[in-house]
Amino acid sequence: MESLRATISHVESVEEALGLEKKFAYQVELKGRITRDMVEEVSRLKGEPDWMRRLRLRMLELFEKLPTPRWVRAVEEIDLEALVHYAKPQVETVSSWDQVPKEIRQYYEKLGLPEIEAKALLGLGAQFDSEIIYFNLKKKLQERGVVMLPMEEAVRRYPDLVQRYFMKVFPPEHKFAALHGALWSGGVFIYVPPGVRIEQPLETFFFIGQSMESQMEHSIVVADRGAYVHWIEGCSAPRLLKYSFHNGMVEGYAHEGATLKITTVQNWSRNVVNFNNKRAIAEAGAKVHWVEGSIGSKTTYTFPSTVLKGEGASTEIVGITAAKGPHWKENGAKVWHLAPRTSSRVVNKSISAEGGVAVYRGVVHVQRGAKYAKSHVQCDSLVLDKESATLTVPHDQVFEETAVVTHEATASTISEEKLAYLRARGFTEDDAKAAIVLGFVGDILKDLPFEYAVVLGRVIELEFGRLSKVG
């Protein structure tokens, strides 16, 4: 990984490493007012079956009826009629990096994707704007019955299987989820058969190439009875001259006794308004693990959620939020305990600097009859200057008297004493600050795959190693 570290060692952010956005020519661009004609054109271009076209139109009707969520900031900056909602690059899906156009491939090379794929992944898909342009699944997984396909291809080849899950785990419960359902494009479908364990991760990487675009990929990850799978989601963008809007969705399903792990490393550039719709369902004895690393972006709303549907199901939701500069970041969690002896653990760590605001917004719901359910939420915040802030907004709904639900929160700063101690041992001011920040999130980084712990750790170093104020 030394070459990957060297790629970004001399810059202040990954955004700077990727440089200023480039202009690309597209095969198709759809922009303007969101109408029935636009939605049907997206469906026609993708050659979708009629059930998906009808689903899109139902989502459009809901989008037009539902109010804008009251808890959303920065929505007034989003002019949906000014955005390109479908941008198809002038390249078809390929399975060799050499076949990806050089001007696009350079982005992924700077992010180290080909290197990480070769060392650590059994399957990788890379999306550029609205379409998957690179896709590769190792043959040995195909031989074991694993399905991993671009979502559009899965809709055509496995319609019955996809229909079981598509927007069934995360229904259109707010305006932006409905918008996603109407205009989704890209994403991946993963299905792991009963009893199959995939020990190395699978990954999909999403890239926004230009300003004034909306990206609405849809991904579904299913672990059937007793199966195990770890899917990694990466996100990034170059430095954008204007803003772009990300409104993706991830649906997960862990059948009885299965284990489903979903790790997200979001490193959007500063002009991305980032919405995420993420939920998984866990049946009896199943385990769902979320890790959400939210770095970059102008505004972020991401709430990984788990529905503990079966007895003995469990979930762990871990979040890292970095709010540097005058930005608002919400990285929370939601858990629904619907069955006896279910358990959940939520750990959220946030870092705020230079006027940033990091928010934990969470829900723990224990339904009557979910006997002996247990839940613990821990929120730790590091606030690096007086201009920054952290907010914790927990909401517990407990309707079962045998349940145990606890919450704890801490907030701290970098003191001059800590800095003086490290300076006395040879650390520069920047290195000392970075070491303190990395120590704060170290217990989370150690649980990530090595390659991603290195990348995320380096990104955090770059974000917080050069700060003008402490206290």
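A nonpolar core is here a set of buried Ala, Val, Leu, Ile, Met, Phe, Trp, Tyr and Cys residues joined through side-chain atoms within 4.5 Å. The structure is a predicted model.

The largest nonpolar core holds 55 residues, and the members that touch the most others are Phe 166, Leu 179, Leu 183, Phe 189 and Phe 245. Helix 4 (residues 50–65) supplies the largest share of this core, 7 residues. Another core, of 43 residues, lies apart from it and includes Leu 122, Val 188, Phe 206 and Ala 286.

| Nonpolar core | Number of residues | Among its members |
|---|---|---|
| Largest core | 55 residues | Phe 166, Leu 179, Leu 183, Phe 189, Phe 245 |
| Another core | 43 residues | Leu 122, Val 188, Phe 206, Ala 286 |

Beyond its neighbours within four places in sequence, Leu 179 is in contact with Ile 34, Phe 63, Leu 80, Met 216, Phe 245 and Asn 247.

Glu 21 belongs to the loop that joins helix 2 (14–18) to strand 1 (26–31). Glu 21 is buried but forms no salt bridge; Lys 23, the nearest side chain of opposite charge, is 4.1 Å away, whereas a salt bridge requires a distance within 4 Å. The side chain of Glu 21 does reach the backbone nitrogen of Leu 241, at 2.7 Å.

According to an unreviewed UniProt entry, residues 208–440 carry the annotation "domain: SUF system FeS cluster assembly SufBD core". This span is 59% strand and 9% helix, and its end C-alpha atoms lie 30 Å apart.

Technical notes
Residues are numbered from 1 along each chain as its sequence is written. This is a predicted model: local features need pLDDT of at least 70, side-chain atom pairs count only at pLDDT 80 or more; totals for chains, interfaces and linings use all residues. Side-chain values use heavy atoms; hydrogens and water are left out. UniProt positions are given in the numbering used here, feature names are shortened, and annotations may be inferred rather than shown by experiment. Helices (H or I, at least four residues) and strands (E, at least two) are DSSP runs, numbered from the N terminus. Buried means under 20% relative accessible area, exposed over 50%, partly exposed in between (1.4 Å probe, protein chains only). Lys and Arg count as positive and Asp and Glu as negative; His and the chain ends are not counted. A polar contact is a pair of N or O atoms within 3.5 Å; within protein, one must be able to donate a hydrogen and the other to accept it, and residues adjacent in sequence count only if both atoms are side-chain atoms. Contact means heavy atoms within 4.5 Å.
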